[in-house]
Amino acid sequence: ASPRASPTCWVVRPGSVMEVTKATPQNRNGDAQMESEGPPGAGVAHINQHGKEHFEGKLKCSWTPTKGRILRAEKTFMKGDVIFVESPLHIVQEQEKSSAFIKLKQMCNQNKDDWDYEPLWYWCAIQSLTKAQLKDAIPGCTGASPETQHNLLLLHHEEVTEPSKAAEHIVKEIAPGADANIVERLIQVWVLNCFEYSDDPQGYSTYFFSSFMSHSCFPNAVWHYDAADHVLRCRKDIKVGDEVCISYLPESGLLQPAPVRRMELHDTKRFWCDCERCAPGSVDSSRGLRCPKTPSCQGIVFAKTPVAGPAQDARLLPSQLAGVKCSGCGHEITKAEAGKLAAYEKKLKDIVDDYTKEEGKSIAMLEKDEQFIDQHFAQHGFADLAWEQFCSHYAAKRRLSDQRRLLERRCKFHEAAYPGLSGAHAWALEALGDSMRSGAKKGAVGAPANIEAARENYTEANKILRLMFGDDHEYVTDVDAKLVELDSSLS
């Protein structure tokens with residue numbers, strides 16, 4: 001139903017993280033008072049010198065006990081402002097004709113137990129070695145400058161005491177002039193910090209300054225590509241001293257319940273989020289259910305966010321519902337009721353998974369599943385995922401009124417669950433505009449009203465997208481074109 005994929009640009013894989021630390025609220029005073037340049041290996045002074053030379057010192061790096069390196073604003077920014085534009089630090093692509101790359105792929109296939117990643121990850125490490133380290137290497141290795149390697153190594157400052165077998169194989173068979181510990185560090189740099197650069201040939205890129213921004217589920221910045229460059233924009237007003245945070249999750253992921261977000265971040269980035277939307281015991285605005293006391297109650301039962309620290313999995317636990325009060329009648333949820341509500345959530349997750357795998361659901365099944373959601377859910381991320389699937393099925397059956405109805409519900413959920421600029425909300429608005437426009441054939445009954453509704457949805461979507469991605473981004477220009485087509489259809 002959504003015309004857009006979320007602009008997640010780094011490679012999401014188990015163990016990946018830009019900075020292996022906890023994400024926390026963007027202006028935690030206790031942490032701010034303890035900030036310093038940290039250990040020498042953190043390179044904070046070098047990072048700040050780089051920021052002054054390339055980005056006019058707009059952001060300042062510091063070290064905190066809980067998060068490691070972070071970036072804080074040295075000036076104010078308003079929504080939509082460009083904070084900085086950064087070119088890649090290093091780009092590495094597959095080279096199918098390179099003797100060294102051919103040899104590497106052969107080694108990966110022959111000793112699979114010793115190689116945890118695909119060949120390109122190791123190729124990135126090899127191509128990050130210096131000319132001196134590549135002396136006597138197999139032909140085809142071009143490497144990197146000492147300055148580039150120095151900056152790359154700063155992206156992963158954890159000590160390596162023992163190289164992996166893969167790193168040892170690379171030194172023995174491909175680059176005998178390199179140190180295995182350095183190769184191991186470079187492998188981790190790419191595994192933890194790389195971004196997708198190209199598909200054919202497949203390639204990855206790394207960025208220096210961008211890699212020191214922490215995550216928040218309510219971020220004040222967002223970045224996108226302009227060709228190969230990173231463009232960082234302000235998505236909510238930033239004051240001097242505020243920490244500048246981005247989301248490590250795609251836009252749609254920010255709308256999911258806190259346990260789901262936290263587990264995804266741990267699986268892909270290796271930390272447990274405790275940002276302001278994940279802080280223990282807070283109201284989870286993406287996990288609201290109907291009050292079980294009486295069907296006539298219009299209140300919402302919002303779950304609490306999980307306790308701090310590790311979780312076993314992404315399950316939505318009854319304990320996060322027990323003891324909370326209905327926003328309407330004030331009824332306090334009992335343990336038994338919490339168990340039933342959590343069971344409804346599990347059933348809804350199963351419904352979403354089923355629709356994701358299977359096409360061609362009948363109208364009767366769609367109506368039955370919709371009724372289940374309406375009966376038990378008021379403001380829930382899983383309901384949004386289900387509605388997204390239902391919209392696709394309704395559209396395939398040309399049930400445009402049903403598709404629009406659910407798109408409208410999705411948009412209302414986005415506004416209620418997420419308080420800031422949301423790309424997912426903008427793309428749902430755009431999809432609603434598309435649906436309205438498709439049913440507005442010239443001369444048809446209701447066509448003028450549908451066209452006006454489409455215009456309103458496109459305009460609102462574009463307002464959000466323009467602030468997040470700028471006037472020239474394809475997300476914006478595509479909606480601009482749809483507005484032009486809408487006007488031409490009336491003439």
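View 1. Arg399 counts as partly exposed because its relative accessibility is 31%, where partly exposed lies between buried (under 20% relative accessible area) and exposed (over 50%), for a 1.4 Å probe and protein chains only. The model is predicted: local features need pLDDT of at least 70, side-chain atom pairs count only at pLDDT 80 or more, and totals for chains, interfaces and linings use all residues. Residues are numbered from 1 along each chain as its sequence is written, and side-chain values use heavy atoms, with hydrogens and water left out. Arg399 is found in the loop between helix H11 (381-396) and helix H12 (400-417); helices (H or I, at least four residues) and strands (E, at least two) are DSSP runs, numbered from the N terminus. Apart from neighbours within four places in sequence, Arg399 is in contact with Ile363, Glu367 and Tyr394, contact meaning heavy atoms within 4.5 Å. Ile363 is 36 residues from Arg399 along the chain, and their C-alpha atoms are separated by 9.6 Å.

**View 2. Asp369 in helix H10.** Asp369 belongs to helix H10, which covers residues 363-376. Asp369 is buried yet has no salt bridge, a salt bridge being a side-chain nitrogen of Lys or Arg within 4 Å of a carboxyl oxygen of Asp or Glu. The nearest side chain of opposite charge is Lys361, 5.9 Å away; Lys and Arg count as positive and Asp and Glu as negative, while His and the chain ends are not counted. When residues up to four places away in sequence are not counted, Asp369 touches Ile351, Tyr355 and Phe390.

**View 3. Glu345 in helix H9.** Glu345 lies in helix H9, residues 335-357. With 1% relative accessibility, Glu345 counts as buried. Beyond residues up to four places away in sequence, Glu345 touches several residues, including Arg287, Leu316, Phe377 and His380. Tyr197 is 148 residues from Glu345 in sequence, and the two are 38 Å apart in space, C-alpha to C-alpha.

**View 4. An open sheet of three strands.** The strand order is E3-E9-E8, with antiparallel pairing; two strands pair if DSSP finds at least two bridges between them. Strand E3 (82-86) and strand E8 (221-226) are the edge strands, each pairing on one side only. Strands of a sheet pair through backbone hydrogen bonds, either parallel or antiparallel. Four bridges join E3 to strand E9 (residues 229-234), and these two strands run antiparallel. Phe84 has Leu232 as its bridge partner in E9.
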